[in-house]
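Dear colleague,

The findings follow directly after it.

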Amino acid sequence: MKHSAFLAAVAAVLAVAPCGAAESNGLKTPETSRLFVRHVDPTSGVESWLLKPGVFSFHQQGCYFTQKSMTDDGRFIFFWARDPEFEPDGKTKKKNRLNTTALIDLKTDTIVDLHVPTQIPFLDVKTDQLWYFRTGKSNGVTERHVCRRDFLVDPLKDIVVCKVPDALLKDVKKVHYLSTHPTLTTDRKKMFIAAHLDDRYEQGCINFETGAWESWGTTPFFANHDQLNPVRDDIALKCSRTPDAIEYKKKTGWYPRMWLAYPDGRRELQPSRIPNHNYATHEHWAEDGKGFYWCASGVHYQNLATGEQETVCPWRAAHATMSADNRLVTFDMSVGKWYRGCQWQVGFWNRDAKQGVYIHSVRPKLCDDDGGWHDHPDPHPAFVCKDRYILCTMNGDDHRMNLSITPVAPLVAQTQKKGEK
């Protein structure tokens, strides 16, 4: 098949992907829902749909980059929400944390408040289930449980899966967090976490059936972004940064961030060997589990079997995700100086056409760089709904965070046309 013919086929497949049949199955889509409004980027002309500002809360934000916000069947969209408090003068907003979670149901075209804790949960996009931790007290004793919501049955009902293992929390004085980026085993019978307890970081699995803690080891220094391989339960990608990371790089030539972790406690550093890009800002597994990719100015990929590394997107990127077939890349990058609430742009790269386009060329800053913003308003774009859409958080001219959903097929067509010039 010729190059241009192949790209046309990709666009055609995306255009008729299963989520594209949502309307005929009684589901609305972002394009037809009353909850969304059309937006066209003034520079690139890319068309997106935004959750109506203020339709549920002042700030409406998608999930962090390690998790998707929309289910594969196109029915549910999960997001964080916050209504800021105001100082007595009625003008200055307090910079408080995100304070609730919400769910869009495109079958009923409505939004409900989930009242799920605002940590990063695991949204199982294949089964429409949400997994998370809930902490409470019983007879004055703090209890922690793994919980689940079944959106197709009752999105408001807490289902207690199991208690957080006593073996994990034994003699612990302070639980900083149980997990920042939980993932599940392929059979959905265990949850892989990286917990910050006292002054150490524990990695391992909670076994839902036995309630046991299956330790993968402990690190005395910062570790998070831990992600179990999506098709294998015996290997995880983790982000660990030693306190002496810069000195480590000076001594060894390698920046110690990306590691592969194994159930027996082994850790293997995976340095970026891309010339002049020996670092990583964020990392993520490919959906087929055959490799992982990371951002270091551009977006780069490592084959797990061979160790071979290559650049898959040459445009500057801070966070990125790839389509299931690894042919398409979406990414974000700060415009000018990075800080929480700075200006951002969100891009798309077609590897076959070797062309890209900005979904959002430049979005306004959310706030000034005063060091007091505690939220995490980075765009974190991700392919969702079986790669039919790209969902990200977008700062608006009204200084709100909001959800942006962009159809992928027109992006493929637009970059294909550029590649044929």
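Strands are DSSP runs of E of at least two residues and helices runs of H or I of at least four, numbered from the N terminus; two strands pair if DSSP finds at least two bridges between them. The model is predicted, so that local features need pLDDT of at least 70 and side-chain atom pairs count only at pLDDT 80 or more, while totals for chains, interfaces and linings use all residues. Residues are numbered from 1 along each chain as its sequence is written, and side-chain values use heavy atoms, without hydrogens and water.

An open, antiparallel sheet is formed by 4 strands in the order β23-β24-β25-β26. Its edge strands, each pairing on one side only, are β23 (319–322) and β26 (355–363). Within the sheet, β24 (residues 328–334) and β25 (residues 344–350) pair over 7 bridges, and S334 stands opposite W344 in β25.

A pocket here is an open set of points on a 1 Å grid over the protein atoms alone, where a 1.4 Å probe fits, with protein on both sides within 12 Å along at least five of seven lines; lining residues have an atom within 4 Å of a point. Of its 32 lining residues, K68, F122, K126, P230 and E287 are the closest to the centre. Strand β7 gives the largest share, 3 residues.

Yours sincerely
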